[in-house]
Amino acid sequence: KYYVDNLSQNIKRGLYYKLKQGIWPTKAPPGYINNPKTREIDIDSEKSKIIKKAFQLLVDENYSFLHITKFLHKFGIQGYTGKPIKIEQLKSVILTNPFYIGTMKYGGEIVAGKHKTFISKDLFQKAQEVVKRIERPRYEGHHFTFSGLARCGECKAAITAETHTKYYKGTDRKVKYIYYRCTKKLVPCTQKYIEEQELESQLRKEVLNLSLPEKWRSDWLTWLERDRKEEETRSEENIKRLELEAKSLEEKQNKLLDTYLNGIVDEEIYKSKRLEISEQKQTLINKILMIKEKGSSWLEPFENFMLSAFQARVIASSKNNLQDLVNLARSAGSNFNLTNRQIFFTPNLGWDTVFLFARRLRSTSPSALHSYAVLGTGFEPM
Ligand SMILES: [Zn+2]
C-alpha cells in the first residue's frame with residue numbers, strides 16, 4: 001500500500017512537473033500526437049484538419065452535435081481512450097476544450113501550454129457561443145414548448161407564453177392552462193391569445209400535411225441507396241486516382257533524394273524541389289480529404305428530409321411529445337406566425353414539394369414526386 005501510494009505520488013509529481021513546463025502531461029487531445037522523442041505534443045497534420053473542420057461545421061454550417069460526431073467517426077477521430085468520440089463527450093473533449101487555443105486545464109490547474117495551435121481564438125470563441133445557444137433550450141422554455149416558434153402575424157412582435165390556473169368549484173379542482181399571445185411591444189395590436197392545446201392541434205394537422213405516404217417508403221429508400229452507391233463508386237474512383245498520383249510523387253521524392261545523395265544536384269536545388277513536391281503532395285491529400293468528406297454529402301440533407309417526411313405522420317399523431325412536433329415543424333418550415341388564432345408558416349425547401357404535391361400525387365406514381373424533389377428543388381450535387 002505504501003509503495004503504491006508513493007508510486008502514484010511520484011507519477012503525479014511527474015505529471016505536474018511537465019504541466020508546469022507548459023507540456024500536456026498525458027494523452028494528446030484529438031488532432032494532436034504525443035511525440036515519443038521530444039515527449040511533447042505535436043499537431044497531427046491530417047487529424048488537425050478534421051478537428052478544425054468540425055469547429056467550422058459547428059460555427060458556419062450549423063451542424064448539430066450528432067452530425068459533427070458522425071463526421072468525426074467518418075474520419076476515425078478518437079477520444080482519449082482510443083475509442084470513437086461519443087456525442088456526450090464532443091463538447092468537453094473538443095468543442096470547449098481550451099487546449100485548442102493553447103490553455104491547459106489539468107487537475108484543477110490552468111496553465112498556458114507551449115504546444116502550437118491550429119484553431120484560431122476567433123473560431124474557438126464563436127464555437128463557445130454556438131454551444132451555449134444549442135444548450136440553452138434544455139434549461140429554458142421547458143414548459144412553454146411553442147415559445148420562440150412564431151411571431152405575431154399582425155405586428156411581428158414576439159409571442160410570449162403564460163399560464164393561468166382555473167379553479168372549478170363544482171369538482172373542486174385546479175386546472176393549469178398555457179396561453180400564447182402577442183407581446184404587443186412594437187405597435188398597438190388587436191391579436192388575442194391562443195390556448196396551447198389549440199395551437200398544438202393546429203400544428204399537428206399541418207405536420208400531418210407534410211408527411212409522405214408510408215407505402216412509398218421502401219421505394220424511396222431503394223432510390224436513395226442506389227444514388228448513394230453510385231456516388232460512392234464515383235468518389236472511390238477519384239480517391240484511388242489521387243492516391244496513385246500521391247504515390248508517384250513519393251517516388252519522385254525518393255529519386256530526387258538519390259540524385260542529391262549521389263552528388264548530381266546540389267543542396268539548394270534539392271531542397272527547393274523537395275518542397276515543391278511535398279506541397280503538391282499536400283494538395284492531393286487535401287483533395288482526398290475533401291472527397292471523403294463531401295463525396296455524397298448532398299445526399300445527407302435529402303435523406304434527413306426524407307426520413308423526417310416519413311416520420312412526420314407518426315410525430316403528428318403521437319399525443320405525447322410536443323418537443324418532437326416543434327422540432328419537426330422548425331426543420332420543415334420557417335416564418336411561423338400567429339394570426340387570428342391560427343398558425344401559418346412557409347414550408348422549407350424540399351418540404352414545399354411535399355406540401356404542394358404529396359396529396360395530389362398520393363394516388364399516382366411516387367416516382368414523379370421523387371424526381372421532382374431530387375431534380376427540381378436544389379438537391380442536386382453541388
Ligand atoms: Zn401583435
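Where is the place of Tyr-16? Tyr-16 belongs to helix H1, helices (H or I, at least four residues) and strands (E, at least two) being DSSP runs numbered from the N terminus. The structure is a predicted model, in which local features need pLDDT of at least 70 and side-chain atom pairs count only at pLDDT 80 or more, whereas totals for chains, interfaces and linings use all residues. Residues are numbered from 1 along each chain as its sequence is written, and side-chain values use heavy atoms, with hydrogens and water left out.

With a relative accessible area of 26%, Tyr-16 is partly exposed; buried denotes under 20% relative accessible area, exposed over 50%, and partly exposed in between (1.4 Å probe, protein chains only). Tyr-16 and Gly-107 are separated by 91 residues in sequence, yet by 9.1 Å in space from C-alpha to C-alpha.

Aromatic contacts were examined next. Aromatic pairs number 15 in the structure. Rings of Phe, Tyr and Trp (its six-membered ring) pair if their centres lie within 6.5 Å; planes under 30 degrees apart count as stacked, over 60 as edge-to-face and the rest as tilted. The pair of Trp-24 and Phe-99 is edge-to-face because the ring centres are 5.3 Å apart and the planes stand at 70°. Trp-24 lies in the loop between helix H1 (2–20) and strand E1 (32–34), and Phe-99 in the loop between helix H4 (87–95) and strand E3 (103–106), so the pair ties together parts that are 75 residues apart in sequence. Trp-24 and Phe-99 are both buried. By contrast, the aromatic pair of Phe-336 and Phe-345 is stacked, at 4.9 Å centre to centre with 20° between the planes. Phe-336 and Phe-345 are likewise both buried. One aromatic cluster is formed by Trp-24, Tyr-32, Phe-55, Phe-99, Tyr-100, Phe-118 and Phe-124.

Charged side chains also meet aromatic rings. A charge sits over a ring if NZ of Lys or CZ of Arg is within 6 Å of the ring centre and within 35 degrees of the ring normal. The ring of Tyr-177 has the charged end of Lys-166 over it, 5.4 Å from the ring centre. Over the face of Tyr-193 lies Arg-341, at 4.9 Å from the ring centre.

Arg-341 is found in the loop between strand E9 (333–339) and strand E10 (342–347), and its relative accessible area of 38% makes it partly exposed. Its backbone has a phi near 60°, a positive value in a residue other than glycine. Most residues other than glycine have a negative phi. Asp-172 also has a positive phi, near 50°. Asp-172 occupies the loop between strand E6 (159–168) and strand E7 (173–182) and, at 53% relative accessibility, counts as exposed.

The ideal angle for four tetrahedral donors at a metal is 109.5 degrees. Cys-152 is buried at 1% relative accessibility, and Cys-155 is buried with a relative accessible area of 8%. Both Cys-182 and Cys-189 are buried as well. The search of the whole structure found 0 disulfides, a disulfide being a pair of cysteine sulfur atoms within 2.5 Å.

Several helical segments complete the description. In helix H3 (residues 65–74), the buried residues are Phe-65, His-67, Ile-68, Thr-69, Phe-71 and Leu-72. Val-314 is located in helix H9 (residues 299–317) and is exposed, with a relative accessible area of 53%. Val-314 and Leu-325 are 11 residues apart along the chain, and their C-alpha atoms are separated by 9.7 Å. Residues 232–259 carry the feature "coiled-coil region" in an unreviewed UniProt entry; UniProt positions are given in the numbering used here, feature names are shortened, and annotations may be inferred rather than shown by experiment. In the model, the span of residues 232–259 is 100% helix and 0% strand, and its end C-alpha atoms lie 41 Å apart.
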